[in-house]
Amino acid sequence: MPYTIVTDSSCNLTEATIDECELEILPLIFFVDGEQYQSYLKGEKTDLKQFYTMMRDGKVVTTSLPILTESEKVFRGILDAGNDVLYLGFSSGLSGTYEATDLLLKELSKSYPDRTILSVDTLAASGGQGLLVWYAAQKKKEGATIEEVRDWVEANKSKLAHWFTVDDLMFLFRGGRVSRSSAWAGTLLNIKPVLHVDDEGHLIPMEKVRGRKKSIQGLLNHMKQTADEPVSEQTVFITHGDCLEDAEYLADLIRKEFGTKDIRINYVDPVIGAHSGPGTLALFFLASSKN
């Protein structure tokens, strides 16, 4: 039976990759000064540079769960067209999106009792979720069944390493990730945190360094310590909050260190960017463990 891989816009994949992988994307919701937006519209290019400019200008950005009636339309369209569904969802450690969508799929399964409808909590976010989905799509192209792809994702999601740094701790404070005092002290002392997503899908501060260049070097150092070999043959994702020069600098460091050829760079979407802020820089790769 043919099947479709579905994921959330928090995967931060480019439109070209979405098309290449034949994915369906469920758009998450965000608000700028109370006005609602979808974080992904198929075929429409969103000016994310403008979004981050609004954040720098002090616009209030909040987020919400997906509109489940819209998600239901997407799933019913797939099922009515004769395809089964494999949903690979945004980390339950960071959002209620997976839980809400999984409940929706359980309800839909009652209407389609002869169909296979599977879901996986990826415990991943941003390019980490995207990279895991990309690998799943490659398995599908190689002829793996829906169950085989589901099993591969379950077996390997703990190896998808996420390493982040941010430029302004105040956005993490607003998102409840650090205390006000830590945010103010870090800003005054030019302290930049290095964070990662742990095996339960939570964003965890790991270390603090002084200065942007050292924080970027910190991302590379963690790649050296944990990445599976050979790194040169891996596909590596980098996402950024409107700091393309820093993303390209990190990519150059990785090429020089490992000889990695396939490095893909894209923006952090507004739903994640609303909490991490402009200047977010994130690195994703397969590792011996996430830590």
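Tutor: First, a term: buried means under 20% relative accessible area, exposed over 50% and partly exposed in between, with a 1.4 Å probe and protein chains only. Tyr135 counts as buried because its relative accessibility is 13%. This is a predicted model: local features need pLDDT of at least 70, side-chain atom pairs count only at pLDDT 80 or more, and totals for chains, interfaces and linings use all residues. Residues are numbered from 1 along each chain as its sequence is written, and side-chain values use heavy atoms, with hydrogens and water left out.

Student: How many aromatic pairs does a search of the whole structure find?

Tutor: Nine. Rings of Phe, Tyr and Trp (its six-membered ring) pair if their centres lie within 6.5 Å; planes under 30 degrees apart are stacked, over 60 edge-to-face, the rest tilted. Trp134 and Tyr135 are edge-to-face, because their planes are at 75°, with centres 5.1 Å apart. Both residues are buried.

Student: And what kind of pair do Tyr135 and Trp152 form?

Tutor: A tilted one, with 35° between the planes and 5.7 Å centre to centre. Tyr135 is in helix H5 and Trp152 in helix H6, so the pair links distant parts of the chain, 17 residues apart. Helices (H or I, at least four residues) and strands (E, at least two) are DSSP runs, numbered from the N terminus.

Student: Is Trp152 buried or exposed?

Tutor: Buried, at a relative accessible area of 18%.

Student: Which other residues of H6 are buried?

Tutor: H6 spans residues 146–156, and Ile146, Val149, Val153 and Asn156 are buried along with Trp152. They line one face of the helix, because they fall within an arc of 125° seen down its axis. That arc is taken from the directions from the helix axis to the C-beta atoms.

Student: What do they pack against?

Tutor: Helix H5 (126–141) and strands E1 (3–8), E6 (84–89), E7 (117–121) and E8 (160–165).

Student: New topic. Where is Thr239 found?

Tutor: In strand E11, residues 235–240. Thr239 counts as buried because its relative accessibility is 2%. Its side chain makes a polar contact with the side chain of Ser126, at 3.0 Å. A polar contact is a pair of N or O atoms within 3.5 Å; within protein, one must be able to donate a hydrogen and the other to accept it, and residues adjacent in sequence count only if both atoms are side-chain atoms.

Student: Which residues make up the ring cluster?

Tutor: Phe30, Tyr37, Phe51, Tyr52 and Tyr267, linked by ring pairs.

Conventions. Contact means heavy atoms within 4.5 Å.
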